[in-house]
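Take a moment with the sequence and the 3D view below.

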Amino acid sequence: MIRSKKLIVLISFLLISACSSVPKNTSDGCSIFSEKYFWYKHAKKTEKKWGTPVYLQLAIIKMESDFDWLAKPQRQKIFKVIPYKRPSSSFGYSQAVKGTWKQYKEETGNKFASRARFKDSVDFIGWYTNKTKSILKIPLDDSFRQYLAYHEGWGGYKNYKKNQKVIILAKKVENNSNRYKKQLNECKNSLSTKRYIIF
């Protein structure tokens with residue numbers, strides 16, 4: 001029984017890893033979705049469900065993990081040499097921390113969601129940004145302030161002006177959002193065309 005469970009976990013891991021390689025050009029939304037067509041379907045589903053624009057989803061993931069499904073914060077170092085613990089429990093595409101991910105699963109009923117799965121990660125971003133809209137009254141097309149709330153948390157958002165580092169990051173997200181938006185407008189017709197995959 002234990003061996004069969006281990007085998008199932010191993011097979012699941014291999015299936016996820018096979019579908020989760022980092023896109024070749026993470027700065028181009030058209031290139032990302034051309035390479036990962038099902039990601040486009042998941043991102044569009046999130047946009048329809050939560051109202052979060054696809055370009056904002058991509059910009060947040062670009063900043064947080066650069067589309068690396070196994071991304072984690074770098075370990076802190078003692079005396080600048082000895083590896084120590086990580087500064088947070090952030091993980092996966094969205095870099096969601098354990099506590100917020102648990103809240104997401106409880107509120108959405110998505111019990112088996114994985115931070116290493118793109119589909120669940122964009123749904124999490126949609127859920128989070130939609131709550132930001134409700135709690136802080138920040139429009140979903142305001143990439144700059146949406147990212148500030150994403151990075152600092154709903155409670156910490158009010159103090160963001162004291163943190164120049166996060167302001168710089170939010171400006172990068174805003175720039176990336178604008179670039180992705182322009183790119184996706186240029187290739188939306190080809191992305192919307194139905195594709196049939198033969199296995």
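A salt bridge is a side-chain nitrogen of Lys or Arg within 4 Å of a carboxyl oxygen of Asp or Glu. Keep in mind that this model is predicted. Side chains of opposite charge can pair when their charged atoms come close.

Start with Asp 142. This residue forms a salt bridge with Arg 145. Their closest N and O atoms are 2.7 Å apart, so the pair falls within the 4 Å limit. How accessible are the two partners? Asp 142 has a relative accessible area of 19%. That value counts as buried, because buried means under 20%. Arg 145 is partly exposed, at 27%.

Next, find Asp 120. The side chain of Asp 120 meets that of Arg 117 in a salt bridge, with 2.3 Å from N to O. Is Asp 120 buried or exposed? Asp 120 is buried, at 5% relative accessibility. Arg 117 has a relative accessible area of 32% and is partly exposed.

Now turn to Lys 62. This lysine forms a salt bridge with Asp 66. The closest N and O atoms of Lys 62 and Asp 66 lie 3.0 Å apart. Asp 66 counts as partly exposed, at 34% relative accessibility.

How many salt bridges does a search of the whole structure find? The search finds six. Among them are Asp 142 with Arg 145, Asp 120 with Arg 117, and Lys 62 with Asp 66.

Methods. Residues are numbered from 1 along each chain as its sequence is written. This is a predicted model: local features need pLDDT of at least 70, side-chain atom pairs count only at pLDDT 80 or more; totals for chains, interfaces and linings use all residues. Side-chain values use heavy atoms; hydrogens and water are left out. Buried means under 20% relative accessible area, exposed over 50%, partly exposed in between (1.4 Å probe, protein chains only).
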